[in-house]
Amino acid sequence: MCPQCSNTHTYATKRRNTSVQDNIISPDKLAGAFAVIKRDPDDIEETAFVDSEEASSNQQEVANALSEILADKLPGAEIETMVHIETEEAGTSQVVLFPCHLCKAVFNKKKILQKHINSHQDFKPAVPLQKASPNSKKRKFNVAFHTVYPTKTRRATVARRRVILDMDSSPTAAQAIVLAASRPDIDLMAINCVAGRVSVLNACENALRVLKACGRDDVQVCRGAEKSLLGLCGRDENLPGLSWSRKIEGQVQAEHSVSSLIRSVNENPGEISLICMGPLTNLALALRLDPLVANHLKELYIVGGNVEGKFLTQGDISACAEQNFMFDPEAAHIVLQEIRNAHILPYEISQRHCMPFANCVSWLNNGTEISSFLFDCFTSEELSLQAKTGMVSPEVFAVSMMIDSTIVLEKDQVFATVELKGDYTRGQMVVDKRGFLNKPTNVFIVKNMDLGKTQALFGSVFSMIEESESLTLTPITLAGPGKDHVPILLKEIKINVV
């Protein structure tokens, strides 16, 4: 086809009949491609192109310039990296030649040309030498392999959830530590202790004892607030169980619990779940020192408060307030004022979800270090009471809710605060279910839980070691009315772990 018009002339026929030697690109031929003078299509003859004197002089100038570029390799000169020349002679096969644009060498293979071009020291290509062609004949593999041999199953990588426990000390709090420390999908970052049922020093020592029984000496234990915001102290006496008199191994961190909480939450925004199982003094101080802690927490679970106003403590200090809120009502008031969408497990709800004591017997008698430690946490009187009513462990429920959110079957999103001025109701949690206070909701009140899933999660801690017939089980004896000891029959109870 003519480069000046759309008609086909003998010009195209002559190009097809040229020999192989004439197809080598030279400066003269490159110049001829650029030196064509535009003319009127009517003045062009169909037989051939007539070269004028003006075209010859222009062609000579372009040829000279191209010769300088090819010889001296002027910087910035952009020349096509590869030139494909195809010839179709009558009765012969197709021949392809690849000339080098840096010298006059000619090759019949593209790979040889590339190696030759790379051998030039001053060669710096502006574009890649090879471009992937859509019609490439490279070998393609089919990924849908079918084999009769069993393949290895890959382990699913489970993202570990970062958790911080804030607590005082109790036998049920020890169970919660055991559950959180034994889960491979939980990264237990720290245990922040606070004064409550016992002093903060006893709480730290008891946490170290529990971690030693679990084999988790890597978990940090931090010392928190020694008193409530108004100066109420925990009792100096430690818990009465035998486990709380064991030898202490490990050290309490020098960093305070409040500063540790602020640092950890700000360094990992939106990743840490905080579970408060005691008075809220540490969290309240952290919120006052750095209000951004409320925004950087992933989720917050609180064990405390009551919704029916008829809390009866075990010889405690109030007739209508829960123990954790009553120990430091101002701290609970600050937390509920600053935090949004926290999950609160009230006292009455946890009392209605009692795990059967028969299951507890199987867990506490599997012969492991953890089971023996948890068994020695209780006194005989506490075990006698649990044999009648079942085991109530709100701290275990809180950790289970964090692990599996489907355990919460029913919850109400309401506005809640804490009474501070009442003579008889100080420390009681006020829940505005009907919206009389006209304030936005700030907490979720848990109303119902899946007890079966909670038992499965807690039972999985003790199912790591299989019970065999040769295992010697220590029978539990409880003091009962009219008898010195009431033996409890040990039964093999299997729990399906979900």
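Trainee: Which strand does Phe-98 lie in?

Mentor: Phe-98 belongs to strand β2, which covers residues 95-99; strands (E, at least two residues) and helices (H or I, at least four residues) are DSSP runs, numbered from the N terminus. Bear in mind that this is a predicted model, in which local features need pLDDT of at least 70 and side-chain atom pairs count only at pLDDT 80 or more, while totals for chains, interfaces and linings use all residues. Residues are numbered from 1 along each chain as its sequence is written, and side-chain values use heavy atoms, with hydrogens and water left out.

Trainee: And is Phe-98 buried or exposed?

Mentor: Phe-98 counts as buried because its relative accessibility is 7%, where buried means under 20% relative accessible area, exposed over 50%, and partly exposed in between (1.4 Å probe, protein chains only). Its C-alpha atom is separated by 9.2 Å from that of Ile-112, which is 14 residues away along the chain.

Trainee: How many helices and strands does the protein have?

Mentor: There are 17 helices and 15 strands in the protein, and 43% of its 498 residues count as buried.

Trainee: What order do the strands take in the open sheet of 10 strands?

Mentor: The order is β7-β6-β5-β4-β8-β9-β10-β13-β11-β12, with mixed pairing, where two strands pair if DSSP finds at least two bridges between them. Strands β7 and β12 (429-432) are the edges, each of them pairing on one side only. On average, neighbouring strands of this sheet are turned by 35 degrees against each other, direction ignored.

Trainee: In which sense do β10 and β13 pair?

Mentor: Strand β10 (residues 342-345) pairs with strand β13 (residues 443-449) in the parallel sense, over 3 bridges, and Ile-344 has Ile-445 as its bridge partner in β13.

Trainee: What about helices, which strands does α6 lie across?

Mentor: Helix α6 lies across β5 (186-193) and β6, running at about 175 degrees to β6; axes here are lines fitted to C-alpha atoms, for helices over the stretch in contact, and angles run from 0 to 180 degrees between N-to-C directions. Helix α7 (residues 257-267) lies across β4, β5, β6, β7 and β8 (272-276), and runs at about 75 degrees to β7.

Trainee: Which residues touch the most other members of the largest nonpolar core?

Mentor: They are Leu-165, Ile-191, Ile-275, Leu-374, Val-399 and Met-401, in a core of 65 residues; a nonpolar core is a set of buried Ala, Val, Leu, Ile, Met, Phe, Trp, Tyr and Cys residues joined through side-chain atoms within 4.5 Å. Helix α6 (residues 200-214) gives the most to this core, with 9 residues. A second, separate core of 33 residues includes Leu-274, Leu-280, Ala-294 and Leu-336.

Trainee: What is Ile-191 in contact with, leaving aside neighbours within four places in sequence?

Mentor: Taking contact as heavy atoms within 4.5 Å, the partners of Ile-191 include Leu-165, Met-167, Ala-207, Leu-211, Val-221 and Cys-222.

Trainee: Switching topic, how many disulfides does the count come to?

Mentor: The count comes to 0 disulfides, a disulfide being a pair of cysteine sulfur atoms within 2.5 Å. Cys-193 is in no disulfide, and the nearest cysteine sulfur, that of Cys-204, is 3.8 Å away. Cys-193 counts as buried because its relative accessibility is 0%, and Cys-276 is also buried, with a relative accessible area of 1%.

Trainee: How many salt bridges are found in the whole structure?

Mentor: The search finds 15, each a side-chain nitrogen of Lys or Arg within 4 Å of a carboxyl oxygen of Asp or Glu. In one of them, the side chains of Glu-299 and Arg-161 meet at 2.3 Å, N to O. Glu-299 lies in strand β9 (residues 299-303) and Arg-161 in strand β4 (residues 161-167), so this pair ties together parts that are 138 residues apart in sequence. Glu-299 is buried, with a relative accessible area of 18%, whereas Arg-161 is partly exposed at 22%.

Trainee: Which partner does Arg-246 have in a salt bridge?

Mentor: Arg-246 forms a salt bridge with Asp-376, and the closest N and O atoms are 3.7 Å apart. The pair links distant parts of the chain, with Arg-246 in the loop between β6 and β7 and Asp-376 in helix α14 (residues 369-377), 130 residues apart. Salt bridges that share partners join Arg-246, Glu-369 and Asp-376 into one network. At 28% relative accessibility, Arg-246 counts as partly exposed.
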